[in-house]
Amino acid sequence: MFAYSSSGRAAGLCFLLLIGWHPGIAPAADAPVPDGTDQDPKVILASEVVEMAYSPDTLRDSFQGFLTPALDAMKRDGMPDAAEVEMRKAFLEWFDQEVKWDEMKPKLVQLYAQDFTEDELRMLLAFLDKPLGQKVMAKLPLVMQDGALVGQQYFISKQDSLNAMLAPIVEKYKGKGP
């Protein structure tokens, strides 16, 4: 039996994958989400950056980039190949049905407007308008996927020492409840 057999863990993994794709994707509770009628120059520039940097396809590619290493880890934990195929299909069907670009885009616009100055947004637009900027945006999901895999493999190589440090703590609190 593999460690990720419950659908709750799979759903949790999916949520973590989305958060991992872009930390801070959810707007602050008190921050307004741009609705397209905002005339704030930062919001307008941020919208242009998002239009140049992202698309529904890049969003899906990025999601797949984080999904692959996660499923690989589940396979190392004993998940059968057939389960991996079914889970990948379910994750991607869920993504296609539930994740909407028109719902994500305003949040990304807000994120860029919040994290960059007007001048920085202008420079970012100038960069994205060049071939190197387009290449960076095209390659970034793949680089992030490969980087996640490198990081995952590295941390796995260090897992035994972490487990040795955590084992006494787990043993100390085993059976004591919340």
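Student: How many salt bridges does the structure hold?

Tutor: The structure holds six salt bridges. This is a predicted model, in which local features need pLDDT of at least 70 and side-chain atom pairs count only at pLDDT 80 or more, while totals for chains, interfaces and linings use all residues. Residues are numbered from 1 along each chain as its sequence is written, and side-chain values use heavy atoms, with hydrogens and water left out.

Student: What makes Glu 51 and Lys 105 a salt bridge?

Tutor: The term requires a side-chain nitrogen of Lys or Arg within 4 Å of a carboxyl oxygen of Asp or Glu. The closest N and O atoms of Glu 51 and Lys 105 are 2.3 Å apart, so the pair meets that limit. The two residues lie in distant parts of the chain, 54 residues apart: Glu 51 belongs to helix α2 (residues 41–53) and Lys 105 to helix α5 (residues 101–115).

Student: Why is Glu 51 called partly exposed?

Tutor: Buried means under 20% relative accessible area, exposed means over 50%, and partly exposed lies in between (1.4 Å probe, protein chains only). Glu 51 has a relative accessible area of 45%, and therefore counts as partly exposed.

Student: Which salt bridge does Asp 96 form, and which helices does the pair link?

Tutor: Asp 96 meets Arg 60 in a salt bridge, at 2.6 Å from N to O. This pair also links distant parts of the chain, with Asp 96 in helix α4 (residues 81–98) and Arg 60 in helix α3 (residues 56–76), 36 residues apart. Asp 96 is partly exposed because its relative accessibility is 44%, and Arg 60 is partly exposed because its value is 23%.

Student: What is the secondary structure of the chain?

Tutor: The chain has eight helices and zero strands. Helices (H or I, at least four residues) and strands (E, at least two) are DSSP runs, numbered from the N terminus.

Student: What share of the chain is buried?

Tutor: Buried residues make up 29% of the 178 residues in the chain.
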